[in-house]
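Morning, everyone. Let me put the model up and walk you through it.

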Amino acid sequence: MILGLGSRMRERDWVGLVGGFWAGKAQSIEGVAQWVGAADLVNSPSFVLINEYRAGPRHGNMPIFHADLYRIESPDELASIGIEETWSGIGVCLIEWADQAGDWLPSERLAIHLQHLSETKRVLRFVPYGARYQALLAEFKKSAVA
């Protein structure tokens, strides 16, 4: 379901994924990256915090920043790893465990809450913050129903 969202993403878009273990955060990011033509192997950056991939030529080879904030102990740690530069850069930001960012969360963003129901079933709740993400979500919903 979230795969189609990838085709609508553009530079400076910020998507935070929230959910417990096995909710599907990393798999969702892998799907979005593949949808925009990234040829890179996508895996969760649990130990390095941020991975960078490149979208395919159809999407202008824009950078895709994939962060995993599970291991941070405090949002204050984000300053020391330069996350603000990544978030305000020229790429798309896809963040696992986004709720760990606290006050560092951008005011304009799309939050996707994932809940694990079974090995093959998840519940996704999309929460847009700001006009860009309200429009993105409305467009996405329209295409999903069509």
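Helices and strands here are DSSP runs, numbered from the N terminus: a helix is H or I with at least four residues, a strand is E with at least two. With that in hand, look at the end of helix 2 (25-35). Gly 37 follows helix 2, and its phi is positive, near 90 degrees.

Some ground rules. This is a predicted model, so local features need pLDDT of at least 70, side-chain atom pairs count only at pLDDT 80 or more, and totals for chains, interfaces and linings use all residues. Residues are numbered from 1 along each chain as its sequence is written, and side-chain values use heavy atoms, with hydrogens and water left out.

Confidence next. pLDDT is the predictor's confidence in each residue, from 0 to 100. The protein chain averages 84, and 91% of the residues score at least 70. Strand 1 has the highest confidence, at a mean of 93, and helix 1 (residues 3-6) the lowest, at 67. Where pLDDT is low, the predicted coordinates should not be read in detail.

Now the rings. Rings of Phe, Tyr and Trp (its six-membered ring) pair if their centres lie within 6.5 Å; planes under 30 degrees apart are stacked, over 60 edge-to-face, and the rest tilted. How many aromatic pairs does the structure hold? There are 4. Take Phe 21 and Tyr 70. Their centres are 5.2 Å apart and their planes stand at 70 degrees, so this pair is edge-to-face. Phe 21 is in the loop between strand 1 (14-18) and helix 2, and Tyr 70 is in the loop between strand 3 (63-68) and helix 3 (77-80). That is 49 residues apart, so to speak a link between distant parts of the chain.

Tyr 70 has another partner. With Trp 97 it forms a tilted pair: 4.9 Å centre to centre, 50 degrees between the planes. Trp 97 lies in the loop between strand 4 (92-96) and strand 5 (109-118), so this pair ties together parts 27 residues apart in sequence. Put together, ring pairs link Phe 21, Tyr 70 and Trp 97 into a cluster.

Phe 21 is exposed, at 53%. Tyr 70 is partly exposed, at 35%. Trp 97 is buried, at 14%.

Charges join in. A charge sits over a ring if NZ of Lys or CZ of Arg is within 6 Å of the ring centre and within 35 degrees of the ring normal. Lys 25 has its charged end over the ring of Trp 97, 4.2 Å from the centre. Lys 25 is also one of the buried residues of helix 2. Elsewhere, Arg 109 lies over the face of Tyr 129, 3.9 Å from the ring centre.

On to salt bridges. That means a side-chain nitrogen of Lys or Arg within 4 Å of a carboxyl oxygen of Asp or Glu. The structure holds 3. Glu 139 meets Arg 8 at 3.3 Å, N to O. Glu 139 is in helix 5 (residues 131-145) and Arg 8 in the loop between helix 1 and strand 1, 131 residues apart. Glu 139 is partly exposed, at 42%.

Arg 132 bridges to Asp 13, with the closest N and O atoms 2.6 Å apart. Arg 132 lies in helix 5 and Asp 13 in the loop between helix 1 and strand 1, so the pair ties together parts 119 residues apart in sequence.

Arg 54 pairs with Glu 52, the closest N and O atoms being 3.3 Å apart. Arg 54 is partly exposed at 41%, and Glu 52 is partly exposed at 44%.

Last, backbone angles. Most residues other than glycine have a negative phi. Arg 12 has a positive one, near 75 degrees. Arg 12 sits in the loop between helix 1 and strand 1. Asn 61 also has a positive phi, near 55 degrees. Its loop runs between strand 2 (50-54) and strand 3, and Asn 61 is partly exposed, at 38%.

Methods: Buried means under 20% relative accessible area, exposed over 50%, partly exposed in between (1.4 Å probe, protein chains only).
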